[in-house]
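Hi,

Here is the structure I said I'd pass along. Have a look at it first, and then read on for my notes.

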Amino acid sequence: MLGLARILGRACARGPPGFTGNWPLTTGNCLDFDQLQTFLEVARHASFSRAAEKRFRTQPAISSQIRALEDEVGAKLFDRSGGKVSLTAAGKAFQKYSQETLDARKAMLTSLAEMDHVPRGAITVGANEGTCLHILPEVFADFKKQYPDVSVNIKRADYAKILESVTDNSVDFGVVSLPVKDNRLTVVLIHQDELVIIAPPRHPLGKMKSAAVADLARYPLVLPKAGHTRDALDDLFRERRLKPNYSMELDSSELLKRFVAAGVGVGFISRSNVQEDVRAGVLAAIPMADAQLRRDLALVFRKDKALSRAALAFIEIAKRHKSSDVLTSKSK
């Protein structure tokens with residue numbers, strides 16, 4: 001370990017190639033990784049308050065870290081004029097090296113931990129609310145049972161934020177609805193699903209075995225505010241030349257179910273997201289008689305990403321759960 005400490009010490013003393021500020025060891029200090037993570041969050045969101053939320057700290061604490069970091073490197077990293085936060089030229093250069101440093105640290109720790117050929121380290125997965133609640137728990141439980149030494153972190157976000165987090169390397173994987181059109185990403189199908197109509201059990205639709213799309217136009221609808229599901233529904237109504245009554249738009253699948261159960265309107269949701277509510281008698285799930293809208297989920301990650309043993313193991317377990325889902329659906 002002493003040799004590794006000396007190598008890290010020399011790297012801190014030199015600073016990154018091409019950086020012209022006063023690197024920390026000129027004052028006998030070395031940047032800590034927590035400062036770099038804070039800097040990257042501020043840079044990513046162009047906001048000290050958003051960075052504070054992400055880092056679970058107060059805004060003054062984040063500002064203090066950035067001031068200390070700027071003092072250490074001898075350069076102004078952010079321009080705060082005009083009420084906006086933006087990177088300076090030095091900040092842009094520092095952003096690149098900061099990300100490379102954190103990536104190298106993570107790779108080093110994972111590589112050393114896996115020298116005994118057992119997956120260790122940590123993985124971070126980005127997913128939306130419904131996926132976190134209804135799809136991933138079984139995958140994570142299976143993974144943790146087999147690899148208890150691997151730490152698993154979840155970041156909840158919407159579709160666009162998940163893809164952004166995957167491409168900027170702030171998460172290892174994202175779980176999103178298909179299709180995914182970004183050719184920088186590898187896409188692995190892990191769950192097959194379909195949209196169903198949901199209504200209170202005593203609703204006229206709740207008593208039907210299936211319902212036509214035209215039947216829905218007679219009732220107020222509770223729909224997702226945005227995303228693949230909303231786009232597919234809007235396209236479906238447009239193709240059928242129907243004018244649906246949009247009663248409420250929500251950005252949470254759990255809220256959508258609660259408002260439908262309360263009688264605000266009928267809605268649409270993935271079958272897997274409503275199974276517990278149907279068993280509890282809170283909601284009825286009604287297939288569409290004359291249309292089928294799929295909502296298949298995929299695990300996505302950067303094509304250029306060097307995957308750890310833990311990451312490879314997670315992919316295999318997620319794929320295995322997809323296979324068991326398919327077998328279960330075929331047996332019904």
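This is a predicted model: local features need pLDDT of at least 70, side-chain atom pairs count only at pLDDT 80 or more; totals for chains, interfaces and linings use all residues.

The chain has 13 helices and twelve strands. Of its 332 residues, 42% are buried. If you take the contacts with a separation of 6 or more, 70% of them are between residues 24 or more positions apart.

Now the inside. The largest nonpolar core is made of 24 residues, and Val125, Phe143, Phe173, Val175, Leu299 and Phe314 have the most contacts inside it. Helix 13 supplies the largest share, with seven residues. Another core, of 20 residues, lies apart from this one, and Ala211, Tyr219, Leu223 and Ile286 are among its members.

Helix 2 (residues 33–45) and helix 3 (residues 48–55) have axes that come within 8 Å and cross at roughly 130°, so the two helices are oblique to each other. The crossing is right-handed. On the helix 2 side the contact uses Asp34, Gln37, Thr38, Glu41, Val42 and His45, while helix 3 brings Phe48, Arg50, Ala51, Lys54 and Arg55. By type, that contact has five charged residues, three polar and three nonpolar.

Helix 3 also packs on helix 4 (residues 59–73), at an angle of about 105° and with the axes 8 Å apart. That angle falls within 65 to 115 degrees, so helix 3 and helix 4 count as roughly perpendicular to each other. Here Phe48, Ser49, Ala51, Ala52 and Arg55 of helix 3 meet Gln59, Ile62, Ser63 and Ile66 of helix 4. This contact divides into five nonpolar residues, three polar and one charged.

Which residues of helix 3 meet helix 4 and include an arginine? Arg55 is the one to look for, alongside Phe48, Ser49, Ala51 and Ala52.

Cheers

Methods. Residues are numbered from 1 along each chain as its sequence is written. Side-chain values use heavy atoms; hydrogens and water are left out. Axes are lines fitted to C-alpha atoms, for helices over the stretch in contact, and angles run from 0 to 180 degrees between N-to-C directions. Helices (H or I, at least four residues) and strands (E, at least two) are DSSP runs, numbered from the N terminus. Angles under 35 degrees count as roughly parallel, over 145 as roughly antiparallel, 65 to 115 as roughly perpendicular and the rest as oblique. A crossing is left-handed if the near helix is turned anticlockwise from the far one by less than a right angle, and right-handed if clockwise. Contact means heavy atoms within 4.5 Å. Ala, Val, Leu, Ile, Met, Phe, Trp, Tyr, Cys and Pro count as nonpolar, Asp, Glu, Lys and Arg as charged, and the others, Gly among them, as polar. A nonpolar core is a set of buried Ala, Val, Leu, Ile, Met, Phe, Trp, Tyr and Cys residues joined through side-chain atoms within 4.5 Å. Buried means under 20% relative accessible area, exposed over 50%, partly exposed in between (1.4 Å probe, protein chains only).
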